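Colleague: Please take one part of this structure and look at it closely. Then show me what surrounds it.

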There are 2 protein chains.
Amino acid sequence: MSASVKDVAALAGVSVGTVSNVMNRPEKVSTAVSERVQAAIDELGFVRNDAARQLRAGHSSTIGLVVLDVRNPFFTDVARGAEDRAAEGGFSVILGNSDEKADREATYLDLFEVQRMHGVLISPFGDITGRLRQLRDRGIPAVLVDRTSADTSFSSVSVDDIAGGALAVGHLLAQGRRRIGFIGGPMQIQQVADRLEGARAAVVGHADATLEVIPLDALSVIAGRAAGAELVARSTKDRPDAVFAANDLVAMGVLQALMMQGAGVRVPEQIALIGYDDIDFARAAVVPLTSIRQPSALIGRTAVEILLEEAADPTLPPRQVVFQPELVVRESTV
Amino acid sequence: MSASVKDVAALAGVSVGTVSNVMNRPEKVSTAVSERVQAAIDELGFVRNDAARQLRAGHSSTIGLVVLDVRNPFFTDVARGAEDRAAEGGFSVILGNSDEKADREATYLDLFEVQRMHGVLISPFGDITGRLRQLRDRGIPAVLVDRTSADTSFSSVSVDDIAGGALAVGHLLAQGRRRIGFIGGPMQIQQVADRLEGARAAVVGHADATLEVIPLDALSVIAGRAAGAELVARSTKDRPDAVFAANDLVAMGVLQALMMQGAGVRVPEQIALIGYDDIDFARAAVVPLTSIRQPSALIGRTAVEILLEEAADPTLPPRQVVFQPELVVRESTV
DNA sequence: TGAGGCGATTGAATCGTTTTAAGAACAGGG
DNA sequence: CCCTGTTCTTAAAACGATTCAATCGCCTCA
């Protein structure tokens with residue numbers, strides 16, 4: 001069907017070894033021969049068969065990435081960063097979407113194993129350190145993304161959500177707000193709990209400030225809107241003067257409820273509002289939303305970096321990299 | 001590093017050929033031997049090396065899928081449908097995000113070629129029929145997704161956007177609306193042009209109905225909001241009594257502008273609003289949005305179906321499958 | 001002229017699985 | 001006891017790129 005090195009070698013009048021050298025260590029080949037081989041490659045439209053290369057090499061030059069939700073811009077940005085860094089080293093990234101389902105997650109890991117991936121990046125859903133350990137024993141290293149490992153036997157790259165929460169509430173306090181509301185949940189989600197913890201820490205420094213927690217059972221627009229409606233129903237003096245939503249989806253729901261005809265709570269005059277994640281929709285909201293941005297692309301880039309190092313030297317000790325989030329101020333808080 | 005068939009064969013006391021038979025044609029092997037081999041596989045934690053299998057087979061058992069935008073729920077649903085159908089046939093799908101960039105699209109096609117994919121599904125960005133023809137000549141068939149091919153030399157699976165436009169406006173007319181506004185653009189996007197064409201066709205049957213086109217330069221929330229603000233600025237009698245937005249993002253922008261404090265245009269009482277795509281956000285909007293749903297998962301499923309058939313028999317003539325969209329009625333139009 | 005050195009090139013072995021033709025073991029019929 | 005099937009298993013030959021020890025030229029210098 002398609003041409004092989006053998007065909008190229010025959011056409012160029014050299015041996016297959018030389019053709020391989022032209023492609024992989026050009027410095028070992030004279031320019032005359034190199035050009036002749038190149039011409040033959042072009043003429044035949046030769047494309048290397050990766051399976052054969054892999055078989056010989058013992059492993060693929062592809063990195064597998066499993067994310068919790070491809071629709072979440074945070075993860076697509078992580079993926080982009082990973083792809084960029086991988087490309088610099090001559091690797092490719094293939095993307096799997098676990099959709100927060102354990103069986104899908106397992107299926108992707110199986111696929112990555114039969115394909116003898118160079119390594120795996122994963123934002124884990126269930127507890128899969130056992131499976132990851134198995135993969136590592138078979139020569140496939142793994143790096144956790146957006147979650148620190150329970151045990152520290154794997155490297156991880158994540159963001160400091162406690163700092164993020166403190167950053168958000170610190171900003172509200174700096175704007176002169178004192179009655180802060182935190183809207184988010186469920187608390188089983190580590191990220192939510194951490195953000196709340198950060199919020200609490202920020203409030204502690206201000207004796208006259210209070211923090212009210214309004215729990216949610218999901219991080220969605222709908223849930224946020226319900227919580228917002230509850231605020232609208234209160235008398236003005238019982239309302240917080242600032243709200244920190246656990247993520248941007250929730251914040252958008254709250255915003256919708258506050259701005260609704262008949263509600264007429266002005267943002268940010270009466271209630272300042274800050275979200276988390278800085279998704280595109282946040283910028284595009286009726287009142288552009290102040291939010292906490294995570295260095296998503298950098299997370300992906302760093303994860304690949306660590307993965308490649310560990311693949312090259314499996315004896316390296318695991319590392320935990322934690323990035324700091326960043327405040328993005330827009331109209332909803334000023 | 002990891003065990004090979006040879007190790008399994010040695011442990012089970014049979015030849016490698018038998019091990020292969022146990023895995024691939026169990027009916028050729030006696031139960032006694034089969035059990036012995038299975039035990040050996042389990043004990044060694046043997047996992048097949050896909051590279052070797054592919055090398056022998058001549059092509060991978062993986063299908064490549066390139067979409068324009070992974071963040072768009074439409075495409076993730078297409079991907080899901082494709083994965084499901086592929087899994088039924090023992091194939092896997094790997095997902096590439098071209099992000100509407102020609103170079104990213106090309107990079108994925110190159111990757112799929114060196115990996116000797118079983119086939120490629122693609123929602124093309126640029127004109128890549130030349131490249132696809134090349135792939136096909138080298139044994140990798142392709143099926144176009146969500147776009148009919150300019151020439152009909154490739155199979156394609158798409159949705160009838162003209163019918164979708166007619167469906168949307170037909171619904172508005174059935175609700176008694178007569179002054180219809182179409183908000184969308186740019187018209188270079190085939191889908192937008194088709195939806196408008198369908199809208200025009202629907203209006204033709206009603207002598208007293210009018211269709212006003214409000215052009216946009218992008219299908220975004222922001223652009224939609226600007227168009228909505230323009231409607232708000234008009235006197236009531238100059239406003240349309242129903243708006244058909246080219247997609248849900250635009251519709252959400254329009255909705256935001258209409259509902260804004262001070263604007264006070266009631267939806268659907270004063271202006272009915274319908275979108276297109278039926279994304280999750282549409283359901284979650286302040287006023288849940290009527291929309292046109294496309295059978296996304298079925299599109300992916302069908303595309304894989306056709307691809308597998310063409311891979312099995314490359315002489316099959318290309319087929320164009322066109323699905324019909326579906327109206328989903330919510331509060332924004334009733 | 002021949003030895004030594006050096007860079008460029010070759011050819012065969014290798015990776016792990018699948019496939020296929022050939023062989024072994026066994027049963028039943030004559 | 002031999003012959004003919006059947007059923008199960010084996011051994012060896014692929015697949016295509018890479019690698020490395022071996023070889024080939026060719027030049028320099030004694």
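**A close look at one residue**

B:Val157 touches B:Val143, B:Val145, B:Ile299, B:Thr302, B:Ala303, B:Ile306 and B:Val321, leaving out residues up to four places away in sequence. Contact here means that two C-beta atoms, placed from the backbone, lie within 7 Å. This is a predicted model, where local features need pLDDT of at least 70, side-chain atom pairs count only at pLDDT 80 or more, and totals for chains, interfaces and linings use all residues. Residues are numbered from 1 along each chain as its sequence is written, while chains are lettered from A and ligands numbered from 1 in the order in which they are written.

B:Val157 sits in strand β5 of chain B, residues 155–159. Strands (E, at least two residues) and helices (H or I, at least four) are DSSP runs, numbered from the N terminus. B:Val157 counts as buried because it has 28 C-beta neighbours inside 10 Å. The cut-offs are simple: 20 or more other C-beta atoms within 10 Å is buried, 12 or fewer is exposed, and in between is partly exposed, with C-beta atoms placed from the backbone.

Now follow the chain further along. B:Gly300 is 143 residues away from B:Val157 in sequence, yet their C-alpha atoms are 8.3 Å apart in space.

The rest of β5(B) is covered too: 5 of its 5 residues are buried. B:Ser155, B:Val157 and B:Val159 point one way. B:Ser156 and B:Ser158 point the other way.

What pairs with this strand? Strand β4 of chain B (residues 142–145) runs parallel to β5(B) and is joined to it by 3 bridges. Pairing requires at least two DSSP bridges between two strands. B:Val143 has B:Ser155 as its bridge partner in β5(B). Strand β11 of chain B (residues 320–323) also pairs with β5(B) in the parallel sense, over 4 bridges. There, B:Ser158 is the bridge partner of B:Val322. Strands of a sheet pair through backbone hydrogen bonds, either parallel or antiparallel.

**Another sheet in chain B**

Chain B also has an open sheet of 4 strands, in the order β7-β6-β8-β9, with parallel pairing. Its edge strands are β7 (210–215) and β9 (272–274), each pairing on one side only. From one strand to the next, the twist averages 20 degrees. Helix α9 of chain B (residues 190–204) packs on this sheet and touches β6, β7 and β8 (242–245). The direction of α9(B) makes about 175 degrees with that of β6(B). Such angles run from 0 to 180 degrees between N-to-C directions, and axes are lines fitted to C-alpha atoms, for helices over the stretch in contact. Strand β6(B) spans residues 179–184 and pairs with β7(B) over 6 bridges. Look for B:Gly184, opposite B:Pro215 in β7(B).

**The partner chain**

Step back to both chains. Here 33 residues of chain B are in contact with 33 residues of chain A. Elements of chain B that each supply at least two residues to this side include α5 (73–88), β2 (92–97) and α6 (102–114). The most comes from α4(B), with 5 residues. By type, the side of chain B that touches chain A has 17 nonpolar, 10 polar and 6 charged residues. Ala, Val, Leu, Ile, Met, Phe, Trp, Tyr, Cys and Pro count as nonpolar, Asp, Glu, Lys and Arg as charged, and the others, Gly among them, as polar.

Chain B can be laid on chain A with an RMSD of 0.1 Å, by a turn of 180 degrees and a shift of 0.0 Å along the axis. The two copies are thus related as by a two-fold rotation axis. The superposition is by least squares on C-alpha atoms of residues with pLDDT of at least 70 in both copies. Also, 100% of the interface residues of chain B are interface residues in chain A, so the copies meet through the same surface.

**The DNA strands**

DNA strand C has 27 residues around it, and among those that come nearest are B:Ser4, B:Val5 and B:Ala52. Near means a C-beta atom, placed from the backbone, within 6 Å of the molecule or strand. α2(B) gives the most to that surface, with 6 residues. The surface divides into 10 nonpolar, 11 polar and 6 charged residues.

DNA strand D has 26 residues around it, and A:Ser4, A:Val5 and B:Val33 are among those that come nearest.
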